[in-house]
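Subject: Structure for your files

Dear colleague,

Here is the structure I said I would pass on. My notes come after it.

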Amino acid sequence: MGPSPPGPSARGVELRPKLRGFEFWRRTLGAARHVVAPMVDQSELAWRLLSRRHGAQLCYSPMLHAQVFVRDANYRRENLYCEVCPEDRPLIVQFCANDPEVFVQAALLAQDYCDAIDLNLGCPQMIAKRGHYGAFLQEEWGLLQRMILLAHERLAVPVTCKIRVFPEIDKTVRYAQMLEKAGCQLLTVHGRTKEQKGPLAGVASWEHIKAVRKAVSIPVFANGNIRSLQDVERCIQDTGVQGVMSAEGLLHNPALFEGRSPAVWELAEEYLDIVQQHRCPLSFVRAHLFKLWHHTLQVHQQLREELAKVKTLEGLAAVSQALKLRCQEDMRGQEEGAGPAGDLPFFHWICQPSLRPGPREHSSGRSKRALEEEASPVESLSKNKQKKQLRNPRKTFDPSLKPKYAKCDQCGNPKGNRCVFNLCRGCCKKRAFRETADCPGHGLLFKTKLEKSLAWKGVQPGLQEPPQAGPGAAGGCSPVGSALA
């Protein structure tokens with residue numbers, strides 16, 4: 001099926017007894033209440049270490065693809081094996097999967113590097129729908145039972161799940177009970193449905209989470225509506241959960257679990273120092289800086305463009321330092337008694353959560369891009385096109401300025417402007433060869449080459465056509481070579 005996992009004895013690690021439920025939460029996870037969510041390309045080792053320094057008690061790895069993890073040694077090394085760090089525990093590794101055997105094989109390869117294995121049943125993105133994993137498995141209870149049961153039976157560490165809710169509370173409760181019965185030892189409940197995402201996310205339902213907590217006998221973590229330490233305490237009090245998981249809130253303020261809102265540059269500089277020691281792809285670092293400096297970048301747009309363009313870690317650090325200096329200038333120029341701009345609770349240089357627009361603002365149900373295009377039908381460009389335009393300012397995306405191509409009569413590809421057959425090069429080459437014809441437009445000269453060949457043979461009296469090689473012809477040699485020698 002795949003490569004065998006490294007054994008604990010080979011690594012000098014004693015086998016630990018497999019704990020369950022609340023015993024697992026108390027003894028292995030240290031009764032963790034403050035949890036860093038699994039975030040693709042965002043909960044890497046450097047960010048986890050930063051979060052742990054500021055109050056996080058448990059971290060999840062980014063979501064890993066079980067099938068890729070099993071077949072690709074480089075993927076395993078880059079995403080887990082090379083990120084082993086004594087300070088990064090307790091740690092739960094999360095996989096997406098839709099096949100019981102593949103999920104277990106991946107988990108066996110990862111279990112010696114973490115404290116539990118989590119099955120992602122909460123990802124609502126289109127890529128999860130195409131790949132048939134995450135929240136798009138929540139109706140396939142039979143498959144999920146087999147996956148959890150097999151993992152529970154074969155793994156040396158507990159298996160946990162992260163889910164989204166159904167619109168109906170009673171169905172969500174039955175869903176959670178089914179996972180517990182199959183062998184799930186800890187459940188994280190995101191209080192939104194799979195349809196609640198992006199600008200249509202809305203408010204997470206703590207009522208669903210509270211109902212699940214009352215109905216199961218395993219620890220439950222809540223996820224959703226967490227923007228401050230006060231939200232954490234209120235969620236625990238209102239729902240009765242054992243811990244609270246945060247994703248977006250921590251990206252904007254990694255000190256959220258400390259109850260602090262420090263200056264952005266304080267945490268940005270600390271994160272960059274950690275990255276120097278625990279390297280990660282530049283795209284991860286850039287994304288974190290965009291989140292941390294989110295509100296300041298609305299004020300200093302030029303530095304936003306610089307942050308998007310630089311291609312080295314030193315360059316990103318330089319832009320972050322420039323933002324710090326701009327903020328300090330803003331602080332000195334601040335009038336006494338003046339408050340933050342707009343609806344912000346703090347000044348833009350202070351770490352604070354970014355508020356997502358509620359679903360009422362987008363009640364039409366149209367996509368985010370459609371709404372943006374309606375607001376600015378001509379000027380709006382996708383982020384991808386904006387990046388291309390930054391690299392090449394002369395590039396235009398105006399459809400009216402795009403060259404118009406006539407189509408090939410046979411296949412529909414653009415035809416050659418000077419093709420004698422009105423075809424594309426591929427179709428033209430086939431036809432010219434078949435008909436022994438020329439097409440100067442495509443540089444195809446089958447007829448001309450044949451005429452030259454025949455004319456050349458006509459002026460060479462000693463040249464004979466090579467005879468057909470018979471059974472006795474050694475190596476198929478012909479007299480032509482001798483005549484030309």
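Below is what was found in the structure.

This is a predicted model, in which local features need pLDDT of at least 70 and side-chain atom pairs count only at pLDDT 80 or more, while totals for chains, interfaces and linings use all residues. Residues are numbered from 1 along each chain as its sequence is written, and side-chain values use heavy atoms, without hydrogens and water.

Cores. The largest nonpolar core contains 116 residues, and Phe95, Ile117, Leu179 and Leu187 have the most contacts inside it. Apart from that core lies another of 11 residues, including Cys419 and Phe421. A nonpolar core here is a set of buried Ala, Val, Leu, Ile, Met, Phe, Trp, Tyr and Cys residues joined through side-chain atoms within 4.5 Å; buried means under 20% relative accessible area, exposed over 50%, and partly exposed in between (1.4 Å probe, protein chains only).

Backbone. Most residues other than glycine have a negative phi, and most peptide bonds are trans. Arg89 and Pro90 are joined by a cis peptide bond, with omega about 0 degrees. Pro90 sits in the loop between helix 4 (73-79) and strand 4 (91-96); helices (H or I, at least four residues) and strands (E, at least two) are DSSP runs, numbered from the N terminus.

His132, not a glycine, has a positive phi of about 60 degrees. It lies in the loop between helix 6 (126-131) and helix 7 (141-154) and is partly exposed, at 32% relative accessible area.

Thr436 has a positive phi of about 50 degrees, and its relative accessibility of 34% makes it partly exposed.

Regards
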